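Visitor: I am new to this one. Could you show it to me and take my questions one at a time?

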Amino acid sequence: MLAIETKNLTKKFGDKIAVDKMNLEIQEGELFALLGTNGAGKTTTIKMLSTLILPTDGEIKISGLDIIKDRQEIKEIINVSPQETAIAPNLSVKENLEFMAGVYQIKNKNEKIKELIKVFKLDEVLNQKAKTLSGGWQRKVSIAISLINDPKILFLDEPTLGLDVIARKELWTVIEKLKDKITIILTTHYMEEAESLSDRIGIMAKGSLVDVGTAQELVEKTGTKNFEDAFVKIATGGEL
């Protein structure tokens, strides 16, 4: 079954077309990276797919549910880890997890929190206030919180932005553990991140989805030496 399917997905802001007739299919359990330069339309796309804004035209199906008719049901099976770290700074890590478990009315709250503590190795920072954590730890906690409701689909928006190399690699390990268990849509500006983590990659330019494939397929298609060069060639319409 498809986790996400769009047909002629379009979003306009006044006269500006932010997303132009996008047709996209993402399989259940897939980690799909959506790449593009600033202004390419990927943020608008993610906002539509995650129900934050409605499309101007076209269709979106999330696990077979219609984004217009079944919006509330869709909200219950997805979650978003935004670019801005989504944690309460004055609460401890444990309190953040407990608070969000309460918001989502998680029935097996204690079991779920224990599971997330184990997966993200949060024991050593559990009683620290979130604002005292390093950027890497804050991102881990933010992603852990986004998994509190056992989403079928998780949107990760620039999860490692601004992190040092070690913190980024640690977060990659966490994301890799989630692969195949849930569907993940990843946006990133780090080419090596998309290449390392994703099953497939979609590249947007000027509001259009211009190519989709594995990193290797895109390299071979463009006749380039590496994925970064392939991305530049596709995103710029053939110019390196």
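Guide: Helices (H or I, at least four residues) and strands (E, at least two) are DSSP runs, numbered from the N terminus. This is a predicted model: local features need pLDDT of at least 70, side-chain atom pairs count only at pLDDT 80 or more, and totals for chains, interfaces and linings use all residues. Residues are numbered from 1 along each chain as its sequence is written, and side-chain values use heavy atoms, without hydrogens and water.

Visitor: What covers the buried residues of H5?

Guide: The buried residues include Trp137, Val141 and Ile145. Contact means heavy atoms within 4.5 Å. What covers them includes S6, S7, helix H3 (93-103), helix H4 (109-119) and helix H6 (165-178).

Visitor: How many Å apart are the end C-alpha atoms of H5?

Guide: The expected span is 1.5 Å times one less than the number of residues. For the twelve residues of H5 (residues 135-146) that should be 16 Å, which agrees with the end C-alpha atoms being apart by 17 Å.

Visitor: At what angle do H3 and H5 pack?

Guide: Axes are lines fitted to C-alpha atoms, for helices over the stretch in contact, and angles run from 0 to 180 degrees between N-to-C directions. The contact is made by Val93, Asn96, Leu97 and Met100 of H3 with Val141, Ala144 and Ile145 of H5. The axes are 10 Å apart, and the packing angle is about 20°.

Visitor: What is the order of the strands in the open sheet?

Guide: Two strands pair if DSSP finds at least two bridges between them. The edge strands, S6 (78-81) and S10 (208-213), each pair on one side only. The sheet has six strands with mixed pairing, in the order S6-S7-S8-S3-S9-S10.

Visitor: Which residues of H1 are buried?

Guide: Helix H1 (residues 42-49) lies across S3, S6, S7, S8 and S9, running at about 140° to S3. H1 is mostly covered, with six of its eight residues buried. They are Lys42, Thr44, Thr45, Ile46, Met48 and Leu49.

How values were computed
Buried means under 20% relative accessible area, exposed over 50%, partly exposed in between (1.4 Å probe, protein chains only).
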